[in-house]
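Please keep the sequence and the model in view while reading.

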Amino acid sequence: MDDYIKRNILCIDLKSFFASVECVERKLDPYNTPLVVCDPTRNGAITLAVSPYLKKFGIKGRSRVYELPKNLGIIKVPPRMRLYQQKSKEVIKIYLEYVAPEDLHIYSIDECFLDVTNYLKLYKKTDYELALEILNKIQEKTGLTATAGIGPNLLLAKVSMDIEAKHTKDNIAYWGYDEVKTKLWSIHPLSKMWGIGPHMEVRLNKLGFSSIGDIAQANKELLRKNFGIIGEELWLHANGIDTSKISDLNNAPVKEKSYSHSQVLFKDYFDFNINLIIFEMLDVLCRRLRKEKKLCGLIGFGISYSKSVGGGFYHSNKLAIQTDDSNILYRECMHIFDKYYNKSPIRKVSISFGKLTNNETRQLDLFQDPKKVEKIIQINEAIDSIKEKYGANKLVPAASLLKDSTLLERNNKIGGHNA
């Protein structure tokens, strides 16, 4: 094995991040406070986070508000994303006191990887001692509790953090190659393993794999035959082998820019009322296109059905002309919807815009009247200007006043002036 997979990697996660930030801001102890981050005005809303105190009662971070126990005096608070981003930056600043930017990878708003291999001699500490110092500094400066996984590669650091660190006295766990058979192989169900989602778990279960050890001891060719290159990666990861480096993650090719918007719905929608939600979401995305002077050349549209049914669909269409007109894009979405919808109750809508270009390159097809197109552009600019100046809710379609609309409340939640 090359030296880059015998590194000293820390994977640090901020415990119950959103909920802990809200507790700290209120000078409350997250471990003794029953706090939930959610939309308190909607009984069917999904909780974004729960405090560590509530997790002791088996309450999961992603559940419906109506599922929360009534006897715990739960404090329900709305999310404040700007605050969480600011707190995340404060913690990242702490990491950069210990490692250079090229040895830090920001995995998510509350989780980072640090390669401390070249810093241990400098600080005259072991990887465990350095991890403990960093966790203590996070607690001291921000009031937040963090957990850390340590390993010789990114995979083992991450999995040790996910599986064990949260259960140790000092919130730190180390998994080296000697722990692969004793700890990594015992992981089940398979979806507890980093990189294995529910759908992959079902496919692996059907092949007779129920633990990571089963995959590690399987025929690599069988996995490759069923999953392609991913199958080989599954086998390597099941054996604790990960050749990726932090520099690989930081220097990954930049994906083509796209805009996306998804909405989890608070009740079941069907073909007779989902069109309102779709149009409202398109309006938000098209306003973003126009604000950044972009046109869309590819639209992706997807529906997820209620848990009672499961499944859904997602498809994309290349557009005949690039546009920022919500009416044109609405017709494209409804074309996909009409083709694939199976009458099941809908609980999530996802829309994405790709193949973005500058609107200076706007072209018309043979069937468009240039004068009408120009008029539509002027109308959209006027509407955008009013919303930017006075708030998104000052000018809305009449349909958004209907009970099935979610636009007004969503604008209020995220700050109607900028929505």
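This is a predicted model: local features need pLDDT of at least 70, side-chain atom pairs count only at pLDDT 80 or more; totals for chains, interfaces and linings use all residues.

The crossing of the two helices, α10 and α11, is right-handed.

Which residues meet where α10 and α11 are in contact? On the side of α10 they are Lys 220, Leu 223, Arg 224 and Phe 227, and on the side of α11 they are Ile 229, Ile 230, Gly 231, Glu 232, Leu 234 and Trp 235. Sorted by class, this contact of α10 with α11 has six nonpolar residues, one polar residue and three charged residues.

## Salt bridges around Glu 97

Side chains of opposite charge can pair when their charged atoms come close. A search of the whole structure finds 16 salt bridges, and Glu 97 takes part in a salt bridge with Lys 137, where the closest N and O atoms are 3.3 Å apart. Because Lys 137 lies in helix α5 (residues 127–142) while Glu 97 lies in the loop between α3 (81–95) and β5 (104–108), the pair ties together parts that are 40 residues apart in sequence.

Glu 97 also forms a salt bridge with Lys 141, and here the closest N and O atoms are 3.2 Å apart. This pair, too, links distant parts of the chain, with Lys 141 in helix α5 and Glu 97 in the loop between α3 and β5, 44 residues apart. Are these three side chains buried, exposed or partly exposed? Lys 137 counts as partly exposed at 23% relative accessibility, as does Glu 97 at 38%, and Lys 141 counts as partly exposed at 48%.

## A buried pair and a network

The side chains of Lys 158 and Glu 111 meet in a salt bridge, with a distance of 2.5 Å from N to O. Lys 158 lies in helix α6 (residues 154–163) and Glu 111 in strand β6 (residues 111–115), so this pair ties together parts that are 47 residues apart in sequence. Both Lys 158 and Glu 111 are buried.

Elsewhere, Glu 22, Arg 26 and Arg 80 are linked in a network of salt bridges.

Notes
Residues are numbered from 1 along each chain as its sequence is written. Side-chain values use heavy atoms; hydrogens and water are left out. A crossing is left-handed if the near helix is turned anticlockwise from the far one by less than a right angle, and right-handed if clockwise. Helices (H or I, at least four residues) and strands (E, at least two) are DSSP runs, numbered from the N terminus. Contact means heavy atoms within 4.5 Å. Ala, Val, Leu, Ile, Met, Phe, Trp, Tyr, Cys and Pro count as nonpolar, Asp, Glu, Lys and Arg as charged, and the others, Gly among them, as polar. A salt bridge is a side-chain nitrogen of Lys or Arg within 4 Å of a carboxyl oxygen of Asp or Glu. Buried means under 20% relative accessible area, exposed over 50%, partly exposed in between (1.4 Å probe, protein chains only).
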